[in-house]
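Student: I would like to learn how to read a protein structure step by step. Could we take one feature at a time, with the general idea before the particular case?

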Amino acid sequence: MRILLVEDERKISAYVKRGLEEQGYAVDTAYTGQEALDWAASIEFDLIILDILLPELDGLSVCRELRKKGSRVPILMLTARDSIDDRVAGLDAGADDYLVKPFAVKELLARLRALSRRSNESPKETLLQIADLTLDTLTQRVKRGGKLISLASKEFAVLECLMREPERVLSRTQIAEHVWNYDVFNQSNVVDVYIRNLRRKIDDPFELKLLHTIRGSGYRISAESDSDETI
Ligand code: CA
């Protein structure tokens with residue numbers, strides 16, 4: 001497993017690199033955003049650990065750039081601050097998970113294992129449909145009533161998670177774990193933010209509402225309405 005570590009603070013970089021190498025990972029290091037892009041263009045990594053605060057080109061821009069080029073490499077963001085805004089920004093830029101500094105190498109290793117497990121999952125059904133809403137996981141296209149709907153990458157992931165289990169109520173934690181492999185999400189409202197955006201795009205313009213909030217439980221996607229729901 002080959003990892004690109006992008007962190008400008010040499011001490012942290014050396015410490016993390018050593019910890020990863022002790023576990024048998026091959027680690028290349030980049031100290032600037034541009035260096036990271038150069039590395040990623042020439043070598044196919046299994047995973048990228050990307051600090052947000054970097055000189056010149058920051059981690060968010062690097063992440064967006066990689067996704068724009070079609071790279072699907074799992075990206076773990078490192079952030080110095082634990083705020084909802086930072087999390088949403090990182091995830092919106094296309095990161096798969098993030099870790100708040102300072103962290104223990106043990107925790108980093110657990111995240112890496114989870115991320116690589118997920119990227120090795122076997123192929124699943126690629127065209128999902130509920131009523132007139134369709135989601136194609138190959139082309140990443142979502143349509144409702146035949147009309148193309150543009151979603152951010154994590155909005156797409158949240159919707160895919162719900163559409164894979166139609167009618168079933170999924171808790172915020174289940175959704176967060178599926179989308180971000182992150183299990184300390186329940187104190188935050190990140191999932192709600194994404195659901196609100198999704199609802200605006202896939203439900204508001206249409207009479208039949210598909211995204212349902214189940215009070216005290218979570219969310220469900222269904223063509224049937226529910227009597228005890230709150231919208
Ligand atoms: Ca840094």
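Tutor: Let us begin with contacts: leaving aside neighbours within four places in sequence, T134 is in contact with L128, Q129, R141, V142, K143 and M163. Please keep in mind throughout that this is a predicted model.

Student: In which strand is T134 found, and is T134 buried or exposed?

Tutor: T134 is found in strand β7, which covers residues 133-136. Its relative accessible area is 19%, and because buried means under 20%, T134 counts as buried.

Student: Which residues does G90 touch, and in which helix does G90 lie?

Tutor: G90 lies in helix α4, residues 84-92, and, if residues up to four places away in sequence are not counted, G90 touches L60, M77 and A95. With a relative accessible area of 4%, G90 is buried. As for distances across the model, the C-alpha atoms of G90 and Y15 are separated by 23 Å, and these two residues are 75 residues apart along the chain.

Student: What is the relative accessible area of E7, and what is that of E9?

Tutor: E7 has a relative accessible area of 0% and is buried, whereas E9, at 38%, is partly exposed.

Student: How is a pair of packed helices described?

Tutor: Two packed helices are described by the angle between their axes and by the distance between the axes. In this model, the axes of helix α1 (residues 10-22) and helix α5 (residues 105-119) come within 10 Å and cross at roughly 60°. That angle makes α1 oblique to α5, and α1 passes α5 in a right-handed crossing.

Student: Which residues make the contact between α1 and α5, and how many of them are nonpolar, polar or charged?

Tutor: From α1 the contact is made by Y15, V16, G19 and L20, and from α5 by V105, L108, L109 and L112. The residues of this contact divide into seven nonpolar, one polar and no charged.

Key:
Residues are numbered from 1 along each chain as its sequence is written. This is a predicted model: local features need pLDDT of at least 70, side-chain atom pairs count only at pLDDT 80 or more; totals for chains, interfaces and linings use all residues. Side-chain values use heavy atoms; hydrogens and water are left out. Axes are lines fitted to C-alpha atoms, for helices over the stretch in contact, and angles run from 0 to 180 degrees between N-to-C directions. Helices (H or I, at least four residues) and strands (E, at least two) are DSSP runs, numbered from the N terminus. Angles under 35 degrees count as roughly parallel, over 145 as roughly antiparallel, 65 to 115 as roughly perpendicular and the rest as oblique. A crossing is left-handed if the near helix is turned anticlockwise from the far one by less than a right angle, and right-handed if clockwise. Contact means heavy atoms within 4.5 Å. Ala, Val, Leu, Ile, Met, Phe, Trp, Tyr, Cys and Pro count as nonpolar, Asp, Glu, Lys and Arg as charged, and the others, Gly among them, as polar. Buried means under 20% relative accessible area, exposed over 50%, partly exposed in between (1.4 Å probe, protein chains only).
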